[in-house]
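Trainee: I would like to take a close look at a single part of this model, and then to see how other parts are put together. Could you take me through it carefully?

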Amino acid sequence: MQQRTLGSQLLVSAEGLGCMGMSEFYGASDDEQSNATILRALDLGVTLLDTADMYGPFTNERLVGRAIKSRRDEVVLATKFGNERSEDGAFLGINGRPEYVRTACDASLARLGVDHIDLYYQHRVDRTVPIEDTWGALRELVEAGKVRYLGISEAAPETIRRAHAVHPITAVQTEWSLWTRDPEVNGVLDTVRELGIGFVPYSPLGRGFLTGAIATVDDLDAADFRRHNPRFQAENFEANMAIVRRVREVAADKGVTPGQLALAWVLAQGPDVVPIPGTRHLAYLEENVAAIDIVLTEDELRRIDAAAPAGAALGDRYPNMSSING
């Protein structure tokens, strides 16, 4: 397994595993299957596992904690706080208050069954709380030994700079793929590279769209949240399928799957980039990990850029974009 370094300090596998879909958002789940997928990922050398307290809610952290219990020293464990939910799943809002940061961390440690979190992200930015206050509390968690490194998700360049001034950011996590190339044009990628921060793209397969496995919205489970995603709706869906067809053509010429090509493209963006594709299926996990060894030529990269240029995908990334600190 190739290794990459986030923020000049945190050594991780070149590709991580996003665990969100094992518990929520993508339809029915199977804990036994998900547990097997996590263990297989570790066997393959994947070290970075990504979860959050809101996934489930709360059940995903417990799932990951159980899976890694006997293999904790093999894992770089990442979780998040900030999207506050109740036990019944209701969304209570974005919370960055210092007192909440502390209680959320303690709760995550208990659910995960660990004495420290390797990479603790602020999941979303609370616009009602100065980022300096939130990050002051996070710095205290590092000083207390409860957290090793800090990250932030879906933050604007100026927010990243302000947080980084309080305590060094190790990783910025933002959606980035061939159908979400926003970080390349909104200043986020330039900012993290200027500051020496690692970049962790989530949904590098475009929420599965770039794999070509989704022909219509009806292919999705009735409980799948993508049914409500603007990019999966009506005319947007049909227009976005054109991107998939072009990616499929390049992949066929390369002799790889469309999903592998999409992951190889993300991996080729720099040694500071560590994508975290999510899956709960062993076959997809192994397919994703194999993408690490795919080398793209300059000509292939140009073809891919032409197939899926920045701004080509139609529709917002979420039904409600108000939580994105753009």
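Trainee: In which loop is proline 271 found?

Mentor: Proline 271 is found in the loop between helix H9 (258-267) and helix H10 (282-290), where helices (H or I, at least four residues) and strands (E, at least two) are DSSP runs, numbered from the N terminus. This is a predicted model, in which local features need pLDDT of at least 70 and side-chain atom pairs count only at pLDDT 80 or more, while totals for chains, interfaces and linings use all residues. Residues are numbered from 1 along each chain as its sequence is written, and side-chain values use heavy atoms, with hydrogens and water left out.

Proline 271 is exposed, with a relative accessible area of 65%; buried means under 20% relative accessible area, exposed over 50%, and partly exposed in between (1.4 Å probe, protein chains only). Not counting residues up to four places away in sequence, proline 271 touches Arg4 and Thr5, a contact being heavy atoms within 4.5 Å. From C-alpha to C-alpha, proline 271 and leucine 301 are 16 Å apart in space and 30 residues apart in sequence.

Glycine 21 lies in another loop, the one between strand S3 (17-18) and H1, and at 15% relative accessibility glycine 21 counts as buried. Glycine 21 is in contact with Tyr26 and Arg280, leaving aside its neighbours within four places in sequence. Its C-alpha is 6.6 Å from that of threonine 279, although 258 residues separate glycine 21 and threonine 279 in sequence.

Turning to the helix pairs, the axes of helix H8 (residues 234-254) and helix H11 (residues 298-307) come within 9 Å and cross at roughly 165°, where axes are lines fitted to C-alpha atoms, for helices over the stretch in contact, and angles run from 0 to 180 degrees between N-to-C directions. H8 and H11 are therefore roughly antiparallel to each other (angles under 35 degrees count as roughly parallel, over 145 as roughly antiparallel, 65 to 115 as roughly perpendicular and the rest as oblique). In this pair, Ile243, Arg246, Val247, Glu249, Val250, Asp253 and Lys254 of H8 meet Glu300, Arg303, Ile304, Ala306 and Ala307 of H11. By class, the contact of H8 with H11 has six nonpolar, no polar and six charged residues (Ala, Val, Leu, Ile, Met, Phe, Trp, Tyr, Cys and Pro count as nonpolar, Asp, Glu, Lys and Arg as charged, and the others, Gly among them, as polar).

Helix H4 (residues 131-143) and helix H5 (residues 157-166) have axes that come within 9 Å and cross at roughly 40°, and H4 and H5 are therefore oblique to each other. Ile131, Glu132, Trp135, Gly136 and Arg139 in H4 meet Thr159, Arg162, Ala163 and Val166 in H5, and the residues of this contact divide into four nonpolar, two polar and three charged.

In helix H7 (residues 188-195), the buried residues are Val188, Leu189, Thr191 and Val192. They cover an arc of only 160° around the axis, which puts them on the same side of H7, the arc being that of the directions from the helix axis to the C-beta atoms. These buried residues pack against H5, strand S10 (171-175), helix H6 (182-185) and strand S11 (198-202), whereas the face turned away from the buried side carries the exposed residues Asp190 and Glu194. Just after H7, glycine 196 takes a positive phi of about 75°.
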